[in-house]
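Subject: The model you asked about

Hi there,

Here is the structure, with the sequence alongside. Could you have it open while you read my notes below?

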Amino acid sequence: MQIIAGQSEPHSGRVELHSRARIGYLEQQPEFAAGRTVWEDARSGLEELLSLSGEAERIAAAIAVEQDASARKKLEQQFDFLQHQLHRHDVYQADRRIEQILQGLGFAEAAWHQPCETLSGGQQNRLLLVKLLLADPDLLLLDEPSNHLDIDATEWLENYLTGTDQAMLIVSHDRYFLDRVTNRTLELYQGTVESYPG
């Protein structure tokens, strides 16, 4: 997982990613900025996507004043791509998405303004998952995502993952969870990989 996420180097071989591919990795060690609330930290998962909105505004302003037809056409293509990304990731409904994911993963509204450092270890791990889902990467790398989730939150996560079009690589010991959300199982053993459907 760390090799695919770019955090470790492989001993052999290489990882090839599309230049625009966005990878999100659910780690097991949470770190939070001091003084940040649950809501603020969850919203930080959207920073990259929200920056696209600012970039779209900048390009729209450049289109309005560009005199050269060829340059304007390139700007319009960039603007169209950004608009597609913003709509695809539902960035214009950011607050609604934050609420849905926080509630789905078991954060009551009363906890949204609680400082992150006052959360239990399990709650902090759930908040990492909230941020990752909000970031909406092209590839989700999930290391034991159902840890620290109660039955309701696990069911919500299963439904969320089965309803998304993102690619996922999941490491889990929860075979019921895997049965619900995956369509292929890889067994890694002594340098070999066996692939099983289902």
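A word on the labels before anything else: helices (H or I, at least four residues) and strands (E, at least two) are DSSP runs, numbered from the N terminus. This is a predicted model, so local features need pLDDT of at least 70 and side-chain atom pairs count only at pLDDT 80 or more, while totals for chains, interfaces and linings use all residues. Residues are numbered from 1 along each chain as its sequence is written, and side-chain values use heavy atoms, with hydrogens and water left out.

**The whole chain**

The protein has 7 helices and 5 strands, and along the sequence they follow the pattern β-α-α-α-α-α-β-α-β-α-β-β. Its C-alpha atoms fill a box of roughly 60 × 45 × 30 Å along the principal axes. Of the 198 residues, 36% count as buried; buried means under 20% relative accessible area, exposed over 50%, and partly exposed in between (1.4 Å probe, protein chains only). The accessible surface comes to about 12,200 Å², and 48% of that belongs to carbon and sulfur atoms. These areas come from the Shrake-Rupley method with a 1.4 Å probe; for residues, only the protein chains shown count as cover. Taking contacts between residues at least 6 apart in sequence, 63% join residues at least 24 apart, where contact means heavy atoms within 4.5 Å.

**The three-stranded sheet**

An open sheet of 3 strands has the order E1-E2-E3, with parallel pairing. Two strands pair if DSSP finds at least two bridges between them. Strand E1 (23-26) and strand E3 (167-171) stand at the edges with a single partner strand each, so one side of each has no neighbour in the sheet. On average, neighbouring strands of this sheet are turned by 10 degrees against each other, direction ignored. (Axes are lines fitted to C-alpha atoms, for helices over the stretch in contact, and angles run from 0 to 180 degrees between N-to-C directions.)

E1 and E2 pair over 4 bridges in the parallel sense, with Ile23 opposite Leu139 in E2. Strand E2 (residues 139-143) is joined to E3 by 5 bridges, and these two also run parallel. Leu139 stands opposite Ala167 in E3, and Leu141 has Leu169 as its bridge partner there.

Is E2 buried or exposed? 5 of the 5 residues of E2 are buried, so this strand is largely enclosed by the rest of the structure. Leu139, Leu141 and Asp143 point one way from E2, while Leu140 and Leu142 point the other way.

**The loops on either side of E2**

Most residues other than glycine have a negative phi. Asp136, however, has a positive phi near 55 degrees. Asp136 lies in the loop between H5 and E2 and is buried, with a relative accessible area of 11%. Glu144, in the loop between E2 and H6, likewise has a positive phi, near 50 degrees; Glu144 is buried at 13% relative accessible area.

Pro145 is placed in the loop between E2 and H6 too, and it is buried, with a relative accessible area of 2%. What does Pro145 touch, not counting residues up to four places away in sequence? The answer is Leu26, Leu129, Leu157, Ile170, Val171 and Phe177.

**Two packed helices**

Helix H4 (residues 94-104) and helix H6 (residues 151-162) pack at about 135 degrees, with their axes 9 Å apart. That makes H4 oblique to H6. The cut-offs are these: under 35 degrees is roughly parallel, over 145 roughly antiparallel, 65 to 115 roughly perpendicular, and the rest oblique. Arg97, Gln100, Ile101 and Gly104 in H4 meet Ala153, Trp156 and Tyr160 in H6. Those residues divide into 4 nonpolar, 2 polar and 1 charged, where Ala, Val, Leu, Ile, Met, Phe, Trp, Tyr, Cys and Pro count as nonpolar, Asp, Glu, Lys and Arg as charged, and the others, Gly among them, as polar.

Gly106 lies in the loop between H4 and helix H5 (121-135) and is partly exposed, with a relative accessible area of 46%. The C-alpha atoms of Gly106 and Asp150 are separated by 8.1 Å, although the two are 44 residues apart along the chain.

**The hairpin**

Strand E4 (residues 184-189) and strand E5 (residues 192-197) run antiparallel, joined by 6 bridges. Arg184 has Pro197 as its bridge partner in E5. The two strands form a hairpin with 2 residues between them, and Gln190 in the turn has a positive phi of about 45 degrees.

Best wishes
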